[in-house]
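Reader: I would like to work through a structure one feature at a time. Please give the rule for each feature before the case.

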Amino acid sequence: ELYGSAIIASTDEPMCALSLGNEDIVLNDDGGFTVRVEADRLTLTAASGGGTWVFSARALKTLNRSGMNMLVLKADDRAVEISTALEMRGAVYAKLSAQGIVSKDYRFAVNADDTEVTVSGKSYRLNENCELLEIGG
């Protein structure tokens with residue numbers, strides 16, 4: 001299945017989810033978030049300052065096809081930047097790929113302190129080198 005593209009516009013009206021066709025970017029926080037599009041950067045800012053952002057790797061691919069090269073997630077005075085062309089690597093990723101796990105199966109949970117990726121019910125940490133690491137291992 002090909003990844004679609006989405007029309008994304010800036011808004012100062014807080015929303016709970018940004019719909020990208022069949023994929024959403026959601027903030028698990030009651031305050032919602034605002035959207036800012038600047039050139040090839042999509043910035044989502046939490047209205048109440050906190051929460052966890054949840055989305056799939058497919059959402060990143062949709063953003064990339066829509067002309068967005070960087071997703072910026074802001075909460076309080078902190079920001080996390082994620083390339084929409086993110087390419088995970090490492091032994092864990094290679095093992096999951098060999099098992100037939102594809103983009104739609106990777107769910108990201110991002111807050112100011114951590115990026116966790118859940119695949120087939122198991123959670124991993126994503127480090128600064130885009131390697132999946134087993135939690136506690």
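Reader: Is Asp114 buried, partly exposed or exposed?

Author: Buried means under 20% relative accessible area, exposed over 50%, and partly exposed in between, with a 1.4 Å probe and protein chains only. Asp114 is partly exposed because its relative accessible area is 22%. This is a predicted model, in which local features need pLDDT of at least 70, side-chain atom pairs count only at pLDDT 80 or more, and totals for chains, interfaces and linings use all residues. Residues are numbered from 1 along each chain as its sequence is written, and side-chain values use heavy atoms, with hydrogens and water left out.

Reader: Where is Asp114 found?

Author: Helices (H or I, at least four residues) and strands (E, at least two) are DSSP runs, numbered from the N terminus. Asp114 sits in the loop between β9 (106-110) and β10 (115-119).

Reader: Which residues is Asp114 in contact with, leaving aside neighbours within four places in sequence?

Author: Contact means heavy atoms within 4.5 Å. With those neighbours left aside, Asp114 is in contact with Ala109 and Arg125. A polar contact is a pair of N or O atoms within 3.5 Å; within protein, one must be able to donate a hydrogen and the other to accept it, and residues adjacent in sequence count only if both atoms are side-chain atoms. The side chains of Asp114 and Arg125 are joined by such a contact, at 3.3 Å.

Reader: What can be said of Thr115?

Author: Thr115 lies in strand β10. Thr115 counts as buried because its relative accessible area is 14%. Not counting residues up to four places away in sequence, Thr115 touches Phe108, Ala109, Val110, Tyr124, Arg125 and Leu126.

Reader: Where is Ile82, and is Ile82 buried or exposed?

Author: Ile82 belongs to strand β8. The residue is buried, with a relative accessible area of 9%. Ile82 and Asp114 are 32 residues apart along the chain, and their C-alpha atoms are separated by 12 Å.

Reader: Which residues have the most contacts inside the largest nonpolar core?

Author: A nonpolar core is a set of buried Ala, Val, Leu, Ile, Met, Phe, Trp, Tyr and Cys residues joined through side-chain atoms within 4.5 Å. The largest one here has 35 residues, and Ile25, Leu44, Trp53, Phe55, Tyr106 and Phe108 have the most contacts inside it. Helix α1 (residues 57-65) gives the most to this core, with four residues. Leu44, setting aside neighbours within four places in sequence, is in contact with residues including Leu18, Ile25, Phe33, Trp53 and Leu73.

Reader: Which residues of α1 are buried?

Author: They are Ala57, Arg58, Ala59, Leu60, Thr62 and Leu63. At the start of α1, a side-chain oxygen of Ser56 comes to within 3.2 Å of the backbone nitrogen of Arg58. Just after α1, Gly67 has a positive phi of about 95°.

Reader: What is the volume of the largest pocket?

Author: Rolling a probe the size of a water molecule over the atoms shows where empty space is left. On a 1 Å grid over the protein atoms alone, a cavity is a set of points where a 1.4 Å probe fits but cannot get out, and a pocket is an open set with protein on both sides within 12 Å along at least five of seven lines; lining residues have an atom within 4 Å of a point. Grid points are joined across faces, edges and corners, and a volume is the space filled by probe spheres set on the points. The largest pocket has a volume of about 280 Å³. Of its 17 lining residues, Ala57, Lys61, Leu86, Glu87 and Ser103 are the closest to the centre. α1 gives the most to this lining, with five residues.

Reader: Which residues line the second largest pocket?

Author: Among them are Ile82, Leu86, Phe108, Thr115 and Leu126. This pocket has a volume of about 190 Å³. Strand β8 (residues 78-83) supplies the largest share of the lining, four residues.

Reader: What lines the largest cavity?

Author: The lining includes Gly51, Trp53, Leu73, Val80 and Val110. The volume of the largest cavity is about 50 Å³. β7 (70-75) and β8 each supply at least two residues of its lining.
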